[in-house]
Amino acid sequence: MALSDADVQKQITHMMAFIEQEANEKAEEIEARAEEEFTIEKGRLVQQNRLKINEFYDRKEKNVEMQRKIGASNLLNKSRVEVLQAQEAHVKSVLQEAEQQLSVITKDTSRYSLLLQNLITQGLCQLMEPAVTVKCREADRALVEAAVPLSVEAYTRMSNLPCKVTVDTTNWLPSYICGGVELTVRNNRIKISNTLEARLDMLSQQMLPEVRAMLFGKNANRKFDN
């Protein structure tokens, strides 16, 4: 039996309603899936950016801490250098004061004469040469000429060797030095400086650790004295 127009229209309406329902359900499903994927992607991006932000501030915090440590280390090193410079300046001032006191020795004639004798004797023992020239300040000529025979006698007694000592009366040591002598051999090719300044310099180098310890106390961190 053929369908009437009303029945056909009814079936078409029913089919359209079904298709529309299917489309709406599909659209809702797609929308729900898209919403879910959006939420997941948003969460992933948020977490990723949160990690990046945390890493950024972690690095920044570490850099700040590193700069703080570097600054503290530089300040400590600067303080140590300033302390060492101040100590060195004080040591130099003490040595300079000691050098100024050398002139006092030369004013005591008997004491200075014995010192000259010992300085010449020591130089002869170091050189061990048969002929030696002694230089001195012009002001010390008489004392040196008097000390030479005694020095030669002491040297010969200790070494059993002869020695001829000549006082150089042409080339004097500078008048601005505090005193002492220089001994030369073989046309000045070998020289021993036993001036008071030279002896003080040698003594100050040898006793520098003891001088530092006396002035500033012993350094517990220093393993060696040199």
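A: The angle is taken between axes, which are lines fitted to C-alpha atoms (for helices over the stretch in contact), and runs from 0 to 180 degrees between N-to-C directions. Helices (H or I, at least four residues) and strands (E, at least two) are DSSP runs, numbered from the N terminus. This is a predicted model, in which local features need pLDDT of at least 70 and side-chain atom pairs count only at pLDDT 80 or more, while totals for chains, interfaces and linings use all residues. Residues are numbered from 1 along each chain as its sequence is written, and side-chain values use heavy atoms, with hydrogens and water left out.

Q: Which strands does α2 lie across, and at what angle does α2 run to β3?
A: Helix α2 lies across β1, β2, β3 and β4, and its direction is at about 25° to that of β3.

Q: What makes β1 and β3 a pair of strands, and how do they run?
A: Two strands pair if DSSP finds at least two bridges between them. Three bridges join β1 to β3, which run antiparallel, and threonine 133 stands opposite threonine 184 in β3. The pairing of β3 with β4 rests on six bridges and is also antiparallel, with glutamate 182 opposite serine 193 in β4.

Q: What is the order of the strands in the sheet, and why are β2 and β4 said to stand at the edges?
A: Four strands form an open sheet in the order β2-β1-β3-β4, with mixed pairing. Strands β2 and β4 each have a single partner strand, so one side of each is left without a neighbour in the sheet. On average, neighbouring strands of this sheet are turned by 20° against each other, direction ignored.

Q: How do you know that β3 is mostly covered?
A: Buried means under 20% relative accessible area, exposed over 50%, and partly exposed in between (1.4 Å probe, protein chains only). Six of the six residues of β3 are buried. Gly180, Glu182 and Thr184 point one way from the strand, whereas Val181, Leu183 and Val185 point the other way, and all are buried.

Q: What makes a group of residues a nonpolar core, and how many residues has the largest one?
A: A nonpolar core is a set of buried Ala, Val, Leu, Ile, Met, Phe, Trp, Tyr and Cys residues joined through side-chain atoms within 4.5 Å. The largest has 26 residues, and those with the most contacts inside it include Ile120, Val144 and Val181. Among the elements that give two or more residues to this core are α2 (109-127), α3 (141-159) and β3 (180-185), and α2 gives the most, with six residues. Contact means heavy atoms within 4.5 Å, and Valine 144 touches Leu116, Ile120, Val134, Cys136, Val167 and Val181, not counting residues up to four places away in sequence.

Q: Why is the meeting of glutamate 129 and arginine 186 called a salt bridge?
A: A salt bridge is a side-chain nitrogen of Lys or Arg within 4 Å of a carboxyl oxygen of Asp or Glu. The side chains of glutamate 129 and arginine 186 meet at 2.8 Å, N to O, so the pair falls within that limit. Glutamate 129 lies in the loop between α2 and β1 and arginine 186 in the loop between β3 and β4, so the pair ties together parts that are 57 residues apart in sequence.

Q: Why is arginine 137 called buried, and which residue is its salt-bridge partner?
A: Arginine 137 has 12% relative accessibility, which is under 20%, so it counts as buried. Its salt bridge is with aspartate 140, at 2.9 Å from N to O, and aspartate 140 is buried as well.
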